[in-house]
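Subject: Structure handover

Hello,

Here is the structure for you to look through. My notes on it follow below.

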Amino acid sequence: MDTLRTDLSRFDVAIVDLDGTMVDTLGDFAEALNRMLRDLELPPVTPAAIERMVGKGSEHLILSALAHVGAPAPAALFDRAWERYQHHYLEINGRYSSAYPGVVEGLKALRARGLRLACLTNKPTAFAKPLLAAKGLDGFFEQVFGGDAFERKKPDPLPLLKTCEALGTVPARTLMVGDSSNDARAARAAGCPVVLVTYGYNHGEPVRGVDADGFVASLADLAAAA
């Protein structure tokens, strides 16, 4: 575990990302995308390829998958693809995913330290809330905001600023916890300190190359570190 360049006593709130930070959802993505592609009579996409596409919202994920398998005019196919993807994802949501080790312990410890918690993800809200409930994580969060909650998604700072506003806190006293450059860039632009987990989905790039205030191997390590 790295030494964190931060102190949890500085914070009132922690904003926690979902995919790749709390839950390994690659299996859900692969199942829903490949069912969608079958419906469109297109070839499948591998989990390894999907991992590099995750993190920028469902629209980006679908368009990336369509382009990856060589679909003609992916943008023209999007509406049909989105309808099939949504149908399949809602059907299988959580069945091919699991919470990472240390997540429950870490969230409990953060709450015990007096931090209020919000979940902020680029995943659609209609996908995020049932997934948190399925994994027994929903009770930790005062607010859950998906990628469709605001006008723009991470890495834009707007979702973090709006989440701070909803919880009545300020960015300097709000810790962002994520797994990718999207989370870090949004946090830096919003003025929030940021810690990244060393697992998860960082668009195929080494996460330790991202500008962050620290890195942890699990959320339990974060709560124990400072």
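Aspartate 28 sits in helix H1, which spans residues 26–39. Helices (H or I, at least four residues) and strands (E, at least two) are DSSP runs, numbered from the N terminus. This is a predicted model: local features need pLDDT of at least 70, side-chain atom pairs count only at pLDDT 80 or more, and totals for chains, interfaces and linings use all residues. Residues are numbered from 1 along each chain as its sequence is written, and side-chain values use heavy atoms, with hydrogens and water left out.

Is aspartate 28 buried or exposed? Aspartate 28 is buried, yet has no salt bridge. Buried means under 20% relative accessible area, exposed over 50%, and partly exposed in between (1.4 Å probe, protein chains only). A salt bridge is a side-chain nitrogen of Lys or Arg within 4 Å of a carboxyl oxygen of Asp or Glu. The nearest side chain of opposite charge is lysine 123, 6.0 Å away. For charge, Lys and Arg count as positive, Asp and Glu as negative; His and the chain ends are not counted. Leaving aside neighbours within four places in sequence, aspartate 28 has contacts (heavy atoms within 4.5 Å) that include Tyr89, Arg95 and Leu131.

Now the salt bridges. The structure holds 14 of them.

- Arginine 84 pairs with glutamate 83, with the closest N and O atoms 3.1 Å apart. Arginine 84 counts as buried at 15% relative accessibility, while glutamate 83 is partly exposed at 34%.
- Lysine 154 meets aspartate 183 at 2.8 Å, N to O. Lysine 154 lies in the loop between strand S5 (143–145) and helix H7 (158–167), and aspartate 183 in helix H8 (residues 181–190), so the pair ties together parts 29 residues apart in sequence. Lysine 154 and aspartate 183 are both buried.
- Aspartate 211 meets arginine 188 at 2.9 Å, N to O. Aspartate 211 is in the loop between strand S7 (194–197) and strand S8 (215–216), and arginine 188 is in helix H8, 23 residues apart.

Next, the sheet. It is open, with 6 strands in the order S5-S4-S1-S6-S7-S8 and parallel pairing. S5 and S8 stand at the edges with a single partner strand each, so one side of each has no neighbour in the sheet. Two strands pair if DSSP finds at least two bridges between them. Strand S6 (residues 174–178) runs parallel to S7, joined by 3 bridges. Valine 177 stands opposite valine 195 in S7.

Then the cores. A nonpolar core is a set of buried Ala, Val, Leu, Ile, Met, Phe, Trp, Tyr and Cys residues joined through side-chain atoms within 4.5 Å. Which residues have the most contacts inside the largest core? They are Met22, Tyr85, Leu107 and Phe141, in a core of 57 residues. H1 gives the most to this core, with 7 residues. A second, separate core has 22 residues, among them Leu158 and Val210.

Last, some backbone details. The peptide bond from lysine 154 to proline 155 is cis, with omega near 20 degrees. Proline 155 is in the loop between S5 and H7. Glutamate 41 is not a glycine, yet its phi is positive, near 60 degrees. Glutamate 41 lies in the loop between H1 and helix H2 (47–51), and is exposed at 73% relative accessibility.

Best wishes
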